Amino acid sequence: MKKVAIFPGSFDPFTKGHEDIVLRGLALFDEIIVAIGHNSQKNNRYFEVNKMVGYIEETFKSFDNIKVIVYNELTADLARKYDAKFLLRGLRNTTDFEYENSISQVNRYLNESLESVFLITSPKFASISSTIIREVHRYNGDVREFLPYTID
């Protein structure tokens with residue numbers, strides 16, 4: 001049976017830390033779906049979603065087993081649609097763990113066949129956060145070191 005994992009997030013922007021989690025996830029899963037979701041707690045995106053899809057697709061253009069989609073529904077329901085039995089998530093620190101643990105419990109309640117798999121962020125990427133990158137970019141700082149693509 002094909003092991004499909006969904007890597008959900010707002011990815012505003014998608015960082016080298018995210019890229020690292022996806023690439024390391026390929027050792028565990030046959031297919032990874034990078035799923036850009038609407039976060040109801042974040043009103044507006046900083047980076048336009050269709051541009052982000054293009055950036056991520058470009059990042060993984062040599063991988064047939066990585067797909068990029070946009071969704072606006074419960075992640076547990078999305079997993080059913082794609083017959084994904086796994087959610088892939090990265091953890092930078094204990095704060096991420098607390099947050100992700102709560103979400104994984106709810107996802108498991110909503111979809112009993114869904115397992116959350118957590119990968120610890122590689123140390124060289126642990127300080128990267130989309131929030132910080134947005135702030136640096138907003139004030140014309142150089143963010144190239146943190147992104148696996150070049151922003152137009």
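View 1. Arg92 is partly exposed, with a relative accessible area of 34%. Here "buried" means under 20% relative accessible area, "exposed" means over 50%, and "partly exposed" is in between (1.4 Å probe, protein chains only). The areas themselves come from the Shrake-Rupley method with a 1.4 Å probe, and for residues only the protein chains shown count as cover. Asp96, at 14% relative accessibility, counts as buried. The two side chains meet in a salt bridge, 2.9 Å from N to O. That term needs a side-chain nitrogen of Lys or Arg within 4 Å of a carboxyl oxygen of Asp or Glu. Side chains of opposite charge can pair when their charged atoms come close.

A quick note on what you're looking at: this is a predicted model, in which local features need pLDDT of at least 70 and side-chain atom pairs count only at pLDDT 80 or more, while totals for chains, interfaces and linings use all residues. Residues are numbered from 1 along each chain as its sequence is written, and side-chain values use heavy atoms, with hydrogens and water left out.

**View 2. Arg89 meets Glu100.** These two form a salt bridge, and their closest N and O atoms are 2.6 Å apart. Arg89 sits in strand β4 and Glu100 in helix α4, so the pair ties together parts that are eleven residues apart in sequence. Helices (H or I, at least four residues) and strands (E, at least two) are DSSP runs, numbered from the N terminus. Both Arg89 and Glu100 are buried.

View 3. Asp20 and Arg24 both belong to α1, four residues apart, which is about one turn of the helix. Their closest N and O atoms are 3.0 Å apart in this salt bridge. Asp20 counts as buried at 13% relative accessibility, whereas Arg24 counts as partly exposed at 31%.

**View 4. Looking into the largest pocket.** Rolling a probe the size of a water molecule over the atoms shows where empty space is left. On a 1 Å grid over the protein atoms alone, a pocket is an open set of points where a 1.4 Å probe fits, with protein on both sides within 12 Å along at least five of seven lines; lining residues have an atom within 4 Å of a point. The largest pocket holds about 1200 Å³ of space. Its lining has 43 residues, and Gly9, Ser10, Arg89, Tyr99 and Glu100 lie nearest the centre. Elements giving two or more residues to this lining include β1 (4-9), α1 (16-25) and β4 (86-91). Helix α4 gives the most, with nine residues.

View 5. Leu74, Val106, Tyr109 and Leu110 make a nonpolar surface patch of about 420 Å². To join such a patch, residues need over 30% relative accessible area and no salt bridge, and nonpolar side chains (Val, Leu, Ile, Met, Phe, Trp, Tyr) are joined within 5 Å. Val106 has its place in helix α4 and is partly exposed, with a relative accessible area of 47%.

**View 6. Glu112 and Ala76.** You'll find Glu112 in the loop between α4 and β5. Glu112 is exposed, with a relative accessible area of 67%. Glu112 and Ala76 are 36 residues apart in sequence and 9.2 Å apart in space, C-alpha to C-alpha.

Definitions and conventions. Grid points are joined across faces, edges and corners, and a volume is the space filled by probe spheres set on the points. Patches are made of residues with over 30% relative accessible area and no salt bridge: like charges are joined within 9 Å, nonpolar side chains (Val, Leu, Ile, Met, Phe, Trp, Tyr) within 5 Å.
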